[in-house]
Structure formats: C-alpha cells, structure tokens
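The following explanation leads through one structure, beginning with a single residue and then widening to the whole chain.

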Amino acid sequence: MINDQTKINGFILNSVSLGFNIFACLISCIIFFLILYHLYYNHVKREDKISVVLCGHIYLEILIYSLTLSSMNIRSMLGHLYNQSFNSSSCIFSGYLAIILLGMLYLNFLNQAFYRLIRIVYSQNRWFQSLKLYVILPMIEIIMLTCILLPLNGVTYLPNDHFCYPTLTNIPSILSTAFVVYIGPFCCITFIYMHITRFIHQQGNIQTLVIKQRQSRDLLILRRILIIVNLLLILGIPGMSLIIMFIITGEENPLLARIVLFPVSISQMGLSVALLFSIPQLKNIVLNLRPTNTVMPVNQTVRGTVHIKTITGTQ
C-alpha cells in the first residue's frame, strides 16, 4: 500500500497530465479536421500533399493517444477518490493500445523523416514519392508493430495506479519494448536528419541559385524540426532513467508508471504546437483561416476611371 502523501502526489500528477492531454486533444482535433477539409476540397498544392498527409497521420495519432492517456488519468483519479477498481478486458485493451500508439508516434515521425530524405537527397526516385505509399504505410506499420509488441508485453492491471499498463519492473520485456518503440525509431530519425543536413552542406557550392534557395529553406525547416526531435527524446528519458535506477537499486517507485507517462503528456502537447511552426504546409493551412480583405485590382480601377471620363467627354 502507498501512503497518503504519495497518493496526493499521484493525484497531482494525474491532474496536470490530464490538463496536458486535453489540450493536446483539442489542438490535434482542430488541426486534423482542417487538414481533412483542405485535402477534400483540394486546397493543397500537388507537391505539398504528401507532407500534409503525413502531418495528418501524426495529428490523428496524437488525438487518439491523448484520448487514451486521458482515460487512464481519469481512471486513476476516480480510483484514488472512490477506491474503485477498473480491472477489466477493456482496461487491458487500453494498456496495449497505449503502447502501440506510442510506437506509431515515432514511426509516423520516421515516415516524415524518410520522405524528406527521399525528396532532398534522392529526388530522382519517384516511386518513394508516391502519395498512395504514404497513405498505406501506417496501416502496414501498425499491423507489424502489433505483431511484434503483443508477445513482448505483459499488460496487467496496476492496483496502485488503477489503470492497465506493462509492468515496468519486468526488465527483459520492457527493454525489448523500449528498443522497438523508442530507441530504434529515434536513432533512425536522428540518423536521417543528420544525413540530410550533411548532404545540404556538401551540395552548397555546386548548385544553381534556385536550388541553393530551396536548400536554404530546407535547412531552416530542419533546424525547426530539431525542436520536435528533442521533444521525442525528452519523451522517453524519465522512464528509461527510472528503469535503470530500478535495475541498480532494486527499489521500485510507487508512482513509476505515472512518472513515466507524465513527460509523454507534456511531449504530446508540445508536439501538437511545435509542428505548426515547423512545417510550412501546416502553417499555410492555419493562415488561410484568417479573413482576407478584398482589394480591387489597379488595372480595373484605372479602366473604370478612363471609361467614366470617356462618357463625360461624350456628353
């Protein structure tokens, strides 16, 4: 059993996490439906469609993942207030869903990095610049990820936390899961962006002015994406640190699961906002919402003036 002070600390963690998750839900829901609207009415340039679709995948994943984390926060808060148990098959399902969605978050960002690699470094390869490929790819990834993670994870009901999640003290299982969900994709994302940055710097002296301007824009976008990469890194540091401490000391923190999920909620909120400032196509979609003033063309005004003068002269 955990003491009263630990329960209070856990309740505060749940409350703050719930606020972050609700904020991430609202932002991701608004942006996702804006993306759908612009794609449905064909308001997106042809060359920008893949980037917008990839962002749509990320925001949909953030929306579903934030809703899942919010339900876990609410279960934990109700469990502490009313000493209620939520041990059920739906609870087990939400635990597996949370892990799979976390893996899909990294894979969606990996897909985005891969597309930038193809567009900038291997621009002659048209097959990997197909819109259909990036529409189908997440479906294939979620099936593969589910098949890999289900045997590795032993999602159980955590009575102190009142929600279901993998037992973080099962070291072989949690390290295998961390490699598949967090370490592997993050290393690939980092390697790809390093390769793109090196390529742009190497090509800087041998390209035409137009290509140099495009590469300067790509480099600026990459610098902004570093914020997103850092958020993805921060997302997993506390959990990995606590697991390493458990391996060394053998002592489990009673709030381990909630401490692990707390930076995840912060990162979800940060990612939903940071993407808007990092991806030009998303920024254009949001800016298009602003009302525009109708301005009469100069030529039309001049033509109208000449016409009036002509009529006056005739009279």
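Val180 counts as partly exposed because its relative accessibility is 24%; buried means under 20% relative accessible area, exposed over 50%, and partly exposed in between, with a 1.4 Å probe and protein chains only. This is a predicted model, in which local features need pLDDT of at least 70 and side-chain atom pairs count only at pLDDT 80 or more, whereas totals for chains, interfaces and linings use all residues. Residues are numbered from 1 along each chain as its sequence is written, and side-chain values use heavy atoms, with hydrogens and water left out.

Val180 belongs to helix H5, which covers residues 171–203. Helices (H or I, at least four residues) and strands (E, at least two) are DSSP runs numbered from the N terminus. Leaving aside residues up to four places away in sequence, Val180 touches Leu145, Ile148, Leu149, Leu152 and Pro185, a contact being heavy atoms within 4.5 Å. Between the C-alpha atoms of Val180 and Gly103, 77 residues apart along the chain, the separation is 7.5 Å.

The chain as a whole contains 9 helices and 2 strands, in the order α-α-α-α-β-β-α-α-α-α-α from the N terminus. Among contacts between residues at least 6 apart in sequence, 81% join residues at least 24 apart. Of the 315 residues, 45% count as buried. The accessible surface, about 17,300 Å², belongs 67% to carbon and sulfur atoms; such areas come from the Shrake-Rupley method with a 1.4 Å probe, and for residues only the protein chains shown count as cover.
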